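Dear colleague,

Please find below the structure that I am handing over to you. My findings follow it, arranged by topic so that you can look at each place in turn.

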Amino acid sequence: MNPAPPLLSVRDLHVSFAMDEGLVRAVDGASFDVLPGQTVGIVGESGCGKSVTMKAILQLVEQPGRIASGEILFRRRTGPAATDGEEVVDLARLPSRGVEMRAIRGAEIALIPQEPMAAFSPVHTVGDQIVEALQLHGRQWRTDGGPLSRKDARQITVDLFRDVGISMPEQRIDAYSWQLSGGLRQRAMIAMALSCKPRLLIADEPTTAIDVTTQAQVLGLLRELQRKYGTAIIFITHDLGVIAQMASYVVVMYLGRIMEEGPVDDIFHAPKHPYTRALLRSIPSLYGRARVALPVITGSLPHPFNRPAGCPFHPRCGDVIPGMCTTRVPSLQNIAARQQASCFLYHDKADPA
Amino acid sequence: MVAVAPDTSAAEDRVSVASNWTLVWWRFRKHRLALFSAGILICLYAVVIAPDFFSTQDPELTDARQAFIPVQTLHLFDEGGFKPWVPGIVGKRNSVTLRMEWTTDPARKAYVGFFVQGYPYRILGLFETRTHLIGPVEANQRIFLLGSDRLGRDQWSRIMHGTQTSMTIGLVAVTLSVLLGVLLGGISGYYGGLPDQIIQRMIELLQSVPTIPIWLALSAALPRDWTPQQVFFAITVILSLVGWTTLGREVRGRFLALREEDFVLAADLAGASRTRIIMRHMVPTFLSHIIATSSLAIPVMIINETSLSFLGLGIRPPAISWGVLLQEAQNIQTLALAPWLLIPGLLVIVAVLAFNLVGDGLRDASDPYSH
Amino acid sequence: MTAQAGAPLLEVRGLRKYFPIVKGMFRRVVGQVRAVDDVSFTIQEGETLGLVGESGCGKTTTSRCILRAMAPSGGQILFRSRQGAMVDLAPMVRAELRPFRPEIQMIFQDPFSSLNPRMTLLDNVGEPLLINGMRNRRERTDRVAELLRLVGLRPEFMHRFPHAFSGGQRQRIGIARALSTNPRLVVADEPVSALDVSVQAQVLNLLLELQSRLHLTFLFVAHDLSVVRHISDRVAVMYVGQLVELAPTSAIFERPRHPYTAALMRAVPVPDPRASNIGGALKGEVPSPAAPPSGCYFHPRCRFADERCRRDAPPLREIAPGHFARCHLAEQLNLDIRQG
């Protein structure tokens, strides 16, 4: 057990969207912790609420959505210097456009979006945008906590570019985002995200839009940088392979609810929830038997407006307990030392919480 | 399959089998203001079909002795029951200006009726009838619901006929420009290459020339001895020749985007002819959008016609349009004397607003896949 | 292995597709992008050939040329028609292609753009039937019902519009449409990459089942190697417009002969935290097909490259029976896809 207190602690988070057609509970009671320097993977299919969770942490949920209840406890630095203390704030209570939230978004929690093309402005050079962010938030780079000069900020940007493996960094920082290839753009995005020495990095499907060999480069880079800077990462993806390679702790979501969470090795080698098990069985492998029928999860993902009653997975579940799963919603409970699942199959074996 | 409560699945089924037009209608009827405007437009087009039915007298009937008669307000009840009437008019010659000055006198009631017999006319040139929606009970009496002009013509009846001309011009001109826009924009977007280049340059040329001088030049070129019908047709063509360019651009853009859609490629790979791909797969996908855009273009056409006629270069008397009617109100002295001659302008505003609101509603409703 | 003797269903010979690079106001042609550069392969009847590569490698352009959705710049596309004769589709014009359209059909990647949103399932799936002469609506309705059952959808759904269906269901509808004309060759362009993980397996199983029931031949274009390995009899790998390796699936995955193929396989993140495989990633970026490097196109990124690789372009050679690779060192290298 890690004695360090969690950097981020999401407690019973509910996010709902009031649509014309009815209330959509996009996130319905999510709880998980992110320890300092840890990589937590959130994995799930479309509509599972993984991206909404990420937006809730950053206070970026758009109308008509809102955080209905729950806490997002974040341990922030009280000052720019390393000796400064820490305090816990509930991000769910902070106003989205307020000064505090903006300071946290820029300097403490950084985002690597799926499509870096959209994240960079096409009319400023990539370097200028990072320099600007540094001048705004980058006091961590100075021991005395004072503002950075433009020259210093530029030098830091060049160093960051070198760090993220961009060759010829002095020239590349004067390029516009559209002049860079997909891989370079994602590297520049990572440099921008790291520029303010965030303690938490949220990577939202950062490699979905890029090719497999470039993906391997970017994933390797993220791992290496994490080791170097000790940043905690929340890695959001639908790709089980990427999760297995990147995360140390995995949260599996389905239709807004956490189905299972635990250390990566347990999730992949001792999955407990029928959804996790079925998902792992159904992906074709590079080493498995070819041209035979794969075990499938029957049915399709229900529309968010038509969420089934009871356990959201019960209509597609092979182990459904009639009368139980169809009417009651299982809560997330401990089923092993560090593994939790929300499934009635394990509730009797659960430790009394 | 997923178990859902029966009532939600019934609702779901209704949505599942709803065609695009049904979905558009479902969304459109949520816009109250647009729905109300659509009602106004329906009334206006009813007038277009049979203006004589709504008139109280022949719009060309002149009587210099009955010039500038003020509005005779319609009252519906009298003697404790439904008995519509208008106040009578009393004339007195002004001893200074020597002009007849008219005032209404509620004591002298002139009774009117609905579905009364009046002057003969033909509906759509087919059936001859004498029935009018509203008219004086005594056949030889004249009533002026919206007053009369300097020649003693009934403004109400003239507005009915002007509505026919102006609304028709708007519709026909937009239809023509839609045809031109879809055809040329379609060729431009679907084939690309040289035809695209030529059409795009043509659009740029047309758009770079200021519109009012073009109209002026074109209308001035119309032979003076043309009949009102010929002039009417010519004005429509002129308006649409200038007006198709925006739509042409839009259609081209849609074609360019749709050409990349997989379902268009699928039709191509199934062996569909080019005509079939365009007519069955491409046009229907943006038809609702085009209709919305056109309903926003109609008021522009109406205003254009009104301005041209107002300047005396569009529809010319004896033909009647809103612009021709407003020409009567060109001079300040007349306005001071007979402010009711501005009523056609009010109608232009109502029609343009109604078209814009309906167009907005249609545009919002026409893309059910936007969210 | 289905790749037995007998005339192939499709034989692509020296296929080329160049796109001109135009510059300036007068649209002067200043160069060529060699999107597909001298690609040759065959597909036997009833077999699945997987075509893999990264974006921009020319796999999609190759498939679009075979479908004749675009005209190739050169080469032959020999297709064995129902009558048994080999016909060259490459030089044909629109009208000449019409009789062969029903025999080669396509399954699309994006289940949202591939169906006409304004048409019901009946009209969407029945459209190829109508175009190819099935005018009787009753007959068409019966056939569409049969097709929907075939792909695992309820025939009662045929009056619904595509917006009522999920991604996986739409993909089934797209498959039904592709099969409506009884095609003999089906080109599937990334048919599962836009689908959710839990639905991918359903569609893959459906494709395998349909292939054995209807004796279909697939050209399966994809970037996901696990999927390609699962569904293909043979696999062709493309890099910068060229085929770099072509071999039976088991052979290529057990012992790839081209360093690029091996690197591609190593780059796939394995869904097993105990088998760490990130880190040994390929360096550098894919070169532009407008200005490819000298010699072997892969040499700037290849850790085995020597002087010859920089100088001479290697030909596609048969290294073992049925196993082709475009590498000077194919025999010497011992490439293992599992990272040590």
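**A:P295 and its surroundings**

Apart from residues up to four places away in sequence, A:P295 touches A:R281, A:S282 and C:A201. Please bear in mind from the start that this is a predicted model. A:P295 is found in the loop between α11 (274–282) and β11 (333–334) of chain A. Its relative accessible area is 39%, and A:P295 is therefore partly exposed, given that this class runs between 20% and 50%. The C-alpha atom of A:P295 is separated by 35 Å from that of A:Q186, and the two residues are 109 apart along the chain.

**Backbone features of chain A**

The peptide bond that joins A:Q63 and A:P64 is cis, with omega at about 0 degrees. A:P64 belongs to the loop between α1 (50–57) and β4 of chain A.

A:Q59 also lies in the loop between α1 and β4 of chain A. The phi angle of A:Q59 is near 60 degrees, which is a positive value in a residue other than glycine. Is A:Q59 buried or exposed? A:Q59 has a relative accessible area of 10% and is therefore buried, since the cut-off for that class is under 20%.

A:L255 has a phi near 50 degrees, again a positive value in a residue other than glycine. You will find A:L255 in the loop between β9 (249–254) and β10 (257–263) of chain A. A:L255 counts as buried because its relative accessibility is 6%.

**A buried glutamine in chain C**

C:Q211 is part of helix α6 of chain C, which covers residues 197–214. With a relative accessible area of 4%, C:Q211 is buried. What does the side chain of C:Q211 meet through its polar atoms? The side chains of C:Q211 and C:T48 are joined by a polar contact of 2.8 Å.

Leaving out residues up to four places away in sequence, C:Q211 touches C:G46, C:E47, C:T48, C:L216, C:T217 and C:F218, together with A:R291 of chain A.

**A leucine and the domains of chain B**

B:L44 is located in helix α3 (residues 32–49) of chain B. The relative accessibility of B:L44 is 10%, so this residue counts as buried. When neighbours within four places in sequence are left aside, B:L44 is in contact with B:T163, B:M167 and B:A351. The C-alpha atoms of B:L44 and B:Q164 are separated by 8.3 Å, although these residues are 120 apart along the chain.

Chain B is divided into two domains: domain 1 covers 72–143 and domain 2 covers 158–365. The C-alpha centres of domain 1 and domain 2 of chain B are 38 Å apart.

**Cavities**

How many cavities of 30 Å³ or more does a search of the whole structure find? The search finds eight. The largest cavity holds about 100 Å³ of space. Its lining consists of 15 residues, and those nearest the centre are B:F263, B:A266, B:A267, C:P128 and C:R177.

Elements of two chains supply at least two lining residues each: α9 (262–269) of chain B, and β6 (104–107), α3 (121–131) and α5 (167–179) of chain C. Of these, α9(B) gives the most to the lining, with four residues. Sorted by class, the lining of the largest cavity has nine nonpolar, four polar and two charged residues.

**The second largest pocket**

The volume of the second largest pocket is about 970 Å³. This pocket is lined by 34 residues, with A:R102, A:R105, A:G106, A:A107 and A:H137 nearest its centre. At least two lining residues each come from β4 (65–77), α2 (99–108), β6 (109–112), α4 (126–137) and α7 (182–194) of chain A.

Which element provides the largest share of the lining of the second largest pocket? It is α2(A), with nine residues. By class, 18 residues of the lining of this pocket are nonpolar, seven are polar and nine are charged.

Yours sincerely,

A colleague

Key:
Residues numbered from 1 in each chain as written. Chains lettered and ligands numbered in written order. Predicted model: local features only at pLDDT ≥ 70, side-chain atom pairs only at ≥ 80, totals over all residues. Heavy atoms only, no water. 1 Å grid on protein atoms, 1.4 Å probe; cavity = no way out; pocket = protein on both sides within 12 Å on 5 of 7 lines; lining within 4 Å. Points joined across faces, edges and corners; volume = space filled by probe spheres on them. Nonpolar A, V, L, I, M, F, W, Y, C, P; charged D, E, K, R; others polar. Buried < 20%, exposed > 50% of the residue type's maximum accessible area, 1.4 Å probe, protein only. Polar contact = N/O pair within 3.5 Å; in protein donor to acceptor, adjacent residues only side chain to side chain. Contact = heavy atoms within 4.5 Å. Domains from an automatic or database assignment.
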